[in-house]
Amino acid sequence: MLSISNLQASIGDKQILKGINLQINAGEVHAIMGPNGSGKSTLASVLAGREDYEITEGTVLFEGEDLLDMAPEDRAAAGIFLAFQYPVEIPGVSTTNFLKTALNEIRKHRGQDPLDAVQFLKLMKEKMKLVNIDQSLLSRSLNEGFSGGEKKRNEVFQMAMLEPKLAILDETDSGLDIDALRIVAEGVNKLRSPERATIVVTHYQRLLDYIIPDFVHVLYKGRIVKSGPKELALELEEKGYDWIRAEAEAA
Ligand code: ADP
Ligand code: MG
Ligand code: MG
C-alpha cells in the first residue's frame with residue numbers, strides 16, 4: 001500500500017528526514033516511536049501533504065501512485081487520513097457540519113455524488129454506534145472546549161466516517177490520560193481491517209498495550225534506526241532510548 005524510499009525532507013535549511021525507508025501493507029498496523037525531535041511528526045505531516053516541508057530526495061508510492069506529486073486534498077480523497085497532534089478548534093462549526101463538508105469533498109474528488117441528508121444521517125448513526133460517541137458532542141463546535149478524551153473520541157469518529165485506507169495517528173507527547181489512550185486504542189482496533197493500514201506515532205508504550213502493532217520502528221535523528229515486532233516497544237519501555245542512540249551513533 002505504502003512504499004517509502006530514501007525520503008528526505010527539510011524545513012528551511014534544516015534537514016529533518018534523512019532517508020526514511022518503510023514498506024506498509026494493507027491490514028498492517030505500524031507503530032513509530034522515538035525520542036522527541038526525531039522527526040516523527042514531520043514524517044506524518046509529509047505523508048499527509050502539509051506544505052511547510054521541502055522534499056529533497058526520495059519517493060513515496062501509495063497504491064503505486066506517486067504520493068508526493070498529489071495535493072493534500074487528493075491524498076485525502078485517495079484515502080489518507082491524518083489525525084492531528086494538536087486538533088484545531090473551529091468555533092461555530094459543528095463536527096457534523098465539518099464532517100459533512102469533508103466527506104462530500106472527498107466524494108467529489110472521487111467523482112461520486114454527495115450524500116443527501118438522509119444518507120449522511122444513516123452513516124452518522126452507524127458510525128456513532130461503532131465508536132460509541134454521544135450525539136451532543138457532534139453538535140458542538142469542533143473541538144472547542146473538548147476534554148482530551150472528547151477530542152480523541154471525535155478524532156476516532158472522524159476516522160470512522162471517512163473510512164481511510166491509510167490512517168496516520170500522531171499522538172501528543174503528554175496530557176493523554178489512560179481513558180483517552182483507551183478510546184484511541186479501541187477505535188483503532190474496531191477500524192482494523194484487511195483493507196486498511198494504520199501508522200500510530202506514539203511516545204507511549206502504554207498505548208501499544210491496547211493497540212498491538214504488527215511492527216515497531218524507532219525513528220532517531222531523521223532515520224529509522226531499528227525495526228522489530230511488537231516486543232520492541234516493551235524493550236524500549238524497559239530500557240529507554242539510550243541503547244538505540246548508542247547503536248545508531250556506532251553505526
Ligand atoms: P517529533 O515528532 O519526533 O518530536 P518533529 O518532527 O516534531 O519531531 O521535529 C523534528 C525536528 O524538526 C525538531 O528538531 C524540530 O525542532 C524541527 N522542526 C519541526 N517543525 C519545525 C518548523 N516548523 N520549523 C523549524 N523546525 C522544525
Ligand atoms: Mg515532539
Ligand atoms: Mg511529534
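Trainee: How many bridges join β3 to β10?
Mentor: There are 4, linking β3 (residues 29-33) with β10 (residues 197-201). The two strands run parallel. Keep in mind that this is a predicted model.

Trainee: Which residue in β10 is the bridge partner of His30?
Mentor: Ile199.

Trainee: And what holds paired strands together in general?
Mentor: Backbone hydrogen bonds, in either a parallel or an antiparallel arrangement.

Trainee: What order do the strands of the sheet take?
Mentor: β6-β9-β10-β3-β11-β12. That is an open sheet of 6 strands, with mixed pairing.

Trainee: Why is one side of β6 and of β12 left without a neighbour in the sheet?
Mentor: Because β6 (80-83) and β12 (223-228) stand at the edges, and each has a single partner strand. From one strand to the next, the twist averages 20°.

Trainee: Which strands does α1 touch?
Mentor: α1 packs on the sheet and touches β3, β6, β9 (166-170), β10 and β11 (215-220). Its direction makes about 145° with that of β9.

Trainee: New topic. Which elements each supply at least two residues of the shell around ligand 1?
Mentor: β2 (14-24) and α1 (40-48). The largest share, 3 residues, comes from α1.

Trainee: Which residues are around ligand 1?
Mentor: Among them are Ile11, Lys14, Ile16, Gly37, Lys40, Ser41, Thr42 and Asp52.

Trainee: How do the shell residues divide into nonpolar, polar and charged?
Mentor: 2 are nonpolar, 7 polar and 3 charged.

Terms used
Residues are numbered from 1 along each chain as its sequence is written. Chains are lettered from A and ligands numbered from 1 in the order in which they are written. This is a predicted model: local features need pLDDT of at least 70, side-chain atom pairs count only at pLDDT 80 or more; totals for chains, interfaces and linings use all residues. A residue is near a molecule or strand if its C-beta atom, placed from the backbone, lies within 6 Å of it. Ala, Val, Leu, Ile, Met, Phe, Trp, Tyr, Cys and Pro count as nonpolar, Asp, Glu, Lys and Arg as charged, and the others, Gly among them, as polar. Two strands pair if DSSP finds at least two bridges between them. Axes are lines fitted to C-alpha atoms, for helices over the stretch in contact, and angles run from 0 to 180 degrees between N-to-C directions. Two residues are in contact if their C-beta atoms, placed from the backbone, lie within 7 Å.
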